[in-house]
Amino acid sequence: MTKPLASRIALVTGASRGIGHAAARALARAGAHVIAVARTQGGLEELDDEIRSEGGSTTLVPLDITDYDGVARLGAALNDRHGKLDILIGNAGVAGPSSPLGHIDLKPWMDAIGVNLTANFQLIRCMEPLLIHSDAGRAVFITSGTASKASAYRGPYAASKAGLEALARVWAHETATSEIRVNLFNPGPIRTRMRASVMPGEDPMTLDTPEQAAEYILPMCMPDWNETGKVYDYRTRSLMHFRPPV
C-alpha cells in the first residue's frame with residue numbers, strides 16, 4: 001500500500017525528544033524521509049533506530065538551530081541532494097527563564113528569542129526556495145497559548161512565541177498564491193521535559209503525550225491540506241482563525 005507521504009522530504013527541528021521526536025516518527029510512518037535536526041546526538045540516534053525499526057528512513061543533522069550559518073549550509077545541502085523540501089516542522093524551542101521582566105538578564109532573553117524566533121526566521125529564509133519546488137509545500141510551527149495570554153513571569157517565552165505567530169502569519173500571506181501552506185500548532189500542556197521544567201509540581205501523567213499531539217500535526221503536512229495562516233488548537237481539536245483586536 002502506498003503511504004500518503006511517500007517520496008516527500010520532511011525537515012523537523014528539535015527532533016531528539018518531545019513533540020519533535022513524535023512528529024518525526026509520525027511523518028516517517030506516513031512515508032516521508034525525515035531530516036531530523038537537534039543538538040543532541042544521542043537523541044537523534046535513538047530516533048533513527050525507532051524510525052528504521054518501523055521501516056522508515058531518516059537523515060540525522062546534529063545542529064544547534066542558532067547556528068544560523070549552519071542552517072544556511074543545511075539548506076544548500078538539501079538542495080544539492082533532494083532539490084526540494086516538502087514539509088517543514090519548526091518545533092525547536094526553549095522555555096527561557098521564569099522571572100519578572102526586570103530580573104531577567106539580557107543573555108537568557110536573547111537565547112530565548114534566538115531559538116524560538118530568529119532561528120525560525122532563518123529557516124524560512126533558507127528553506128522557502130526548497131519548499132517552492134514542492135508541489136505541496138507545508139510548514140507548521142509549534143506555538144503556545146502563552147503567546148496570547150502574556151502570562152506573568154514568562155516574558156521571554158511569551159514574547160518569542162507571539163513573534164513566531166506573527167512571523168508565520170506574514171509568511172502565510174506572502175505565499176498565499178503559491179503551493180506553500182503555513183500554519184501554527186498550539187499543543188497546550190503536553191508531557192514533555194520542557195513542560196516539567198516550567199511546571200515542576202504538575203503530575204505529568206495527567207497530560208497527553210507528544211505522540212498523541214503529533215497525530216494532529218500529521219494532517220497539516222499532507223498535500224491535501226489547504227488551510228494557511230491558521231492555528232490548530234490541540235486542546236479543543238479546532239482550527240482557529242486569528243482575529244483583529246476588538
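Among contacts in the chain between residues at least 6 apart in sequence, what percentage join residues at least 24 apart? In this predicted model, 70% of such contacts do so, a contact being defined by heavy atoms within 4.5 Å. Residues are numbered from 1 along each chain as its sequence is written, and side-chain values use heavy atoms, with hydrogens and water left out. Local features require pLDDT of at least 70 and side-chain atom pairs count only at pLDDT 80 or more, whereas totals for chains, interfaces and linings use all residues.

Eight helices and eight strands were assigned to the chain; these are DSSP runs (helices H or I, at least four residues; strands E, at least two), numbered from the N terminus. The C-alpha trace spans about 50 × 40 × 35 Å along its principal axes. Of the 246 residues in the chain, 48% are buried, that is, under 20% relative accessible area (1.4 Å probe, protein chains only).

Helix 6 comprises 20 residues, 155-174. From its first C-alpha to its last, helix 6 reaches 28 Å, close to the expected 28 Å, the expectation being 1.5 Å times one less than the number of residues. Buried positions in helix 6 include Gly-155, Pro-156, Tyr-157, Leu-164, Glu-165 and Trp-171. The buried residues of this helix pack against strand 4 (87-90), strand 5 (138-142) and strand 6 (181-186), as well as against helix 4 (106-131), helix 5 (146-149) and helix 7 (193-198).

Methods
Buried < 20%, exposed > 50% of the residue type's maximum accessible area, 1.4 Å probe, protein only.
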